[in-house]
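Here is a briefing on one protein model. Please have the viewer open while you read.

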Amino acid sequence: MARLSAVLATTHHPFFHKLTELTPPEEQPPFAAEWKRKVLAYRETLTAARPDVLVMVGSDHFHQFFADNYPTFLIGKQARYDATFYNEVREFSLPTYELTGHEDLSGFMFSGLLDRGFDFSISHELKIDHSIICPIITTRPQADLPVVPVYTNIFAPPLPSAKRFYDLGRAIRSIIEEWPADVNVAAVGSGHLSLELGGPRMFGEHGPDPEWDLQAIRWLAEGDVDSILKDVTWESMTAAGNATPGFLDLVLMLGIAGPEKAAYVDDLDLFHTREMYMTWYPEGDPR
């Protein structure tokens, strides 16, 4: 059976690559060196798990799904995935990629999720955006492993509850561990802490709700599922920032990891957002 060797939950700041790699050192912001140091340390948490396949959890930023037809949950099943979109290259200077897919695991997961009561959509022509490409850049920049992309709706209400995201994570965990293959699978998912996009609290000195951010990190790091299911609602998330429901993808990753304390936790307070980097090792810490 397959082994779930690591679960990573992270934010996905689209300017990391541009500010730390493409901007001349003398023009970089004062936090760039620390940001890069933290990302390189986080990258090692995935490398240590020696993954063979990556299950990548993200969301489409209205690139190919819109309010009139936005799948609640979707899995890709393709041999290859193109990334990124033209505006992400233009605005964020993100590189383009062609990622290898793992069609066998995609199909196995799709069937398993249907059997467990999750009515997933499936795509054979999915294009990947920065919710998955940013974690590729920060945790596996060589992009040499096959991927299974899982997309969720965190943008177009009504959204599933935090419990539904957590339960989906538990289902993904059980399916991975039932997959009859002698491989290491790592799950890498990205989302948001408090975040404001296009609203009056965008581009502040800190994220729109620093206290909410610190509480959310504690919930995840301590595996405090009860507090998440009690306190994380559409109303509480949007009060912290209009894009904060991206936190639900981090709840999904906690579902994959289980209600356990994280083995690695780090964060960085940047302009207008707090970045977070977290890893669990279901098979034991290989470091």
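Helix H10 (residues 247-257) is largely enclosed by the rest of the structure, because 11 of its 11 residues are buried. This is a predicted model. The points below start with that helix, then take up the sheet, a helix pair and one aspartate.

**Helix H10**
- The buried residues of H10 include the aspartate Asp 249.
- Also buried in H10 are Phe 247, Leu 248, Leu 250, Val 251, Leu 252, Met 253, Leu 254, Gly 255, Ile 256 and Ala 257.
- Gly 258 follows H10, and its phi is positive, near 95°.

**The sheet**
- Eight strands form an open sheet with mixed pairing, in the order E6-E3-E7-E2-E8-E1-E10-E9.
- Strand E6 (121-123) and strand E9 (264-270) stand at the edges. Each has a single partner strand, so one side of each is left without a neighbour in the sheet.
- From one strand to the next, the twist averages 15°.
- Strand E3 (residues 73-76) pairs with E6 in the parallel sense, over 3 bridges.
- Leu 74 stands opposite Ser 121 in E6.

**Helices on the sheet**
- Helix H2 (residues 32-47) packs on the sheet. H2 touches strand E1 (3-11), strand E2 (53-58), strand E8 (184-191), E9 and strand E10 (273-280).
- The direction of H2 makes about 155° with that of E9.
- Helix H5 (residues 130-139) also packs on the sheet, touching E1, E2, strand E7 (147-152) and E8.
- The direction of H5 makes about 135° with that of E2.

**Helices H4 and H6**
- Helix H4 (residues 103-115) and helix H6 (residues 162-178) pack at an angle of about 130°. Their axes are 10 Å apart.
- H4 and H6 are therefore oblique to each other.
- Their crossing is right-handed.
- H4 contributes Phe 108, Met 109, Gly 112 and Leu 113 to the contact. These meet Leu 168, Ala 171, Ile 172, Ile 175 and Glu 178 in H6.
- By class, the residues of this contact are 7 nonpolar, 1 polar and 1 charged.

**Asp 82**
- Asp 82 lies in strand E4 (residues 80-83).
- Asp 82 is partly exposed, with a relative accessible area of 43%.
- Leaving aside neighbours within four places in sequence, Asp 82 is in contact with Tyr 97, Glu 98, Lys 127 and Ile 128.
- Asp 82 and Ile 128 are 46 residues apart along the chain, and their C-alpha atoms are separated by 6.2 Å.

Methods
Residues numbered from 1 in each chain as written. Predicted model: local features only at pLDDT ≥ 70, side-chain atom pairs only at ≥ 80, totals over all residues. Heavy atoms only, no water. Axes fitted to C-alpha atoms, helices over the stretch in contact; angles between N-to-C directions. Helix = DSSP H or I, 4+ residues; strand = E, 2+ residues; numbered from the N terminus. Parallel < 35°, antiparallel > 145°, perpendicular 65-115°, else oblique. Left-handed = near helix turned anticlockwise from the far one by under 90°. Contact = heavy atoms within 4.5 Å. Nonpolar A, V, L, I, M, F, W, Y, C, P; charged D, E, K, R; others polar. Buried < 20%, exposed > 50% of the residue type's maximum accessible area, 1.4 Å probe, protein only. Pairing = 2+ DSSP bridges.
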